[in-house]
Amino acid sequence: MSDIFDVSNKVVMVTGGSRGLGKAMCLAFARGGAKVVVASRKLDECEKLAGELRDGGAEALAIACHVGHWDALETVVDEVVAHFGRIDVLVNNAGMSPVAPSLLETSEALVDKILDVNLKGPLRLTALVASKMATSGGGSIINISSVASVRPAPVTTAYSAAKAGLNALTAASAQEYAHAGVRVNCVVCGTFDTDAAAGFVRNEETLPYVIEPIALKRVGQPEEVVGAVLYFASAASSYTTGTCLTVDGGVRP
Ligand SMILES: NC(=O)c1ccc[n+]([C@@H]2O[C@H](COP(=O)([O-])OP(=O)(O)OC[C@H]3O[C@@H](n4cnc5c(N)ncnc54)[C@H](OP(=O)(O)O)[C@@H]3O)[C@@H](O)[C@H]2O)c1
């Protein structure tokens, strides 16, 4: 039987690829023989990981990309296509989840920033990359969402709303681009041990409260998101589009 999870030779772009969940994805794609584009704001961090991937035998490109800068994204996509000839898989992984003291104290500037990075950037990249995929036989777009999109908490209201928008973007863009052979799916992440969650995950006082509603009684390690991403990136999910898959260790409803 052929490997339905095969990603070899696929050109895969991971936003927020330099650290955390994105880094785990880049490492897994490289191990699977994919050509990996590591994209985040800090080019030196992307270069560092791309160098590691190349040392391991993979083809890799580092690219500076602030997903909140709408007007710069077309150039980023064009650079990737100029380098590798196409994009087969886009992972809209870059995100930010600042905690706001209260809704009343949440400024317009903060809301704009949260929406720019978590929703508008993925929307624009989906449009740009899906259009390219449509001319090269199709592809797979994977949005990295959060359980906050379906179980919103007061301190992250704007983030929850942005990620709920990302879930809606997944469903709508899956409908829009299906005719072009582009599938769009979403991974709804629970709590993982990354820099973004360090404040409450790498803290002995808060950790018990974090894991209390989780059936597996622990937070996830970054490598544990990889299976879902490889599933959506590969032929294993060829009849799946517009859906959200939750990877959260079993959070109590
Ligand atoms: N960790 C969790 O518990 C958790 C839970 C639910 C959902 N998620 C989601 O999972 C995704 C990854 O989170 P993470 O925990 O891996 O975060 P992380 O460890 O903080 O890493 C964030 C990554 O995104 C990049 N980045 C940040 N802002 C960016 C921007 N504006 N444009 C481009 N790249 C940017 C960072 O690199 P630079 O600094 O170089 O830009 C870094 O590579 C996010 O969408 C997050 O919302 C995480």
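A: A nonpolar core is a set of buried Ala, Val, Leu, Ile, Met, Phe, Trp, Tyr and Cys residues joined through C-beta atoms within 7 Å. A residue counts as buried if 20 or more other C-beta atoms lie within 10 Å of its own, as exposed if there are 12 or fewer, and as partly exposed in between, with C-beta atoms placed from the backbone. The model is predicted: local features need pLDDT of at least 70 and side-chain atom pairs count only at pLDDT 80 or more, while totals for chains, interfaces and linings use all residues. Residue numbers start from 1 along each chain as its sequence is written.

The largest nonpolar core holds 70 residues, and Val 12, Val 36, Val 38 and Val 229 have the most contacts inside it. Helix 1 (20–31) is the element that gives the most to this core, with 8 residues. Helices (H or I, at least four residues) and strands (E, at least two) are DSSP runs numbered from the N terminus. In soluble globular proteins, nonpolar side chains tend to be buried together.

Leaving out residues up to four places away in sequence, Val 12 touches Val 7, Phe 29, Ala 34, Lys 35, Val 36, Val 37, Asp 88, Val 89 and Ala 233; two residues are in contact if their C-beta atoms, placed from the backbone, lie within 7 Å.

Strand 1 (residues 11–15) and strand 2 (residues 35–40) run parallel and are joined by 5 bridges. Val 14 has Val 38 of strand 2 as its bridge partner.

Strand 2 is mostly covered, with 6 of its 6 residues buried. Lys 35, Val 37 and Ala 39 point one way from this strand, while Val 36, Val 38 and Ser 40 point the other way. In a regular strand the side chains alternate between the two faces of the sheet.

Leu 61 is buried because 20 other C-beta atoms lie within 10 Å. Apart from neighbours within four places in sequence, Leu 61 is in contact with Val 37, Ala 50, Val 80, His 83 and Phe 84. Of these, His 83 is 22 residues from Leu 61 along the chain, with 8.3 Å between their C-alpha atoms.

The buried ones are Val 226, Ala 228, Val 229, Leu 230, Phe 232 and Ala 233. Their cover includes strand 1, helix 1, strand 4 (89–92), strand 5, strand 6 and strand 7.

Some positions are exposed instead. Gln 175 belongs to helix 5 and is exposed, with 11 other C-beta atoms within 10 Å. Lys 217 sits in the loop between helix 7 (207–211) and helix 8, and counts as exposed because it has 11 C-beta neighbours inside 10 Å. Its phi is near 55°, a positive value in a residue other than glycine. Asn 9, in the segment before strand 1, is also a residue other than glycine with a positive phi, near 70°.

A residue is near a molecule or strand if its C-beta atom, placed from the backbone, lies within 6 Å of it. Among the 30 residues around the ligand, Gly 16, Gly 20, Arg 41, Gly 95 and Thr 194 come nearest. Helix 1 and strand 5 (139–146) are the elements that give two or more residues to this shell.

Technical notes: Two strands pair if DSSP finds at least two bridges between them.
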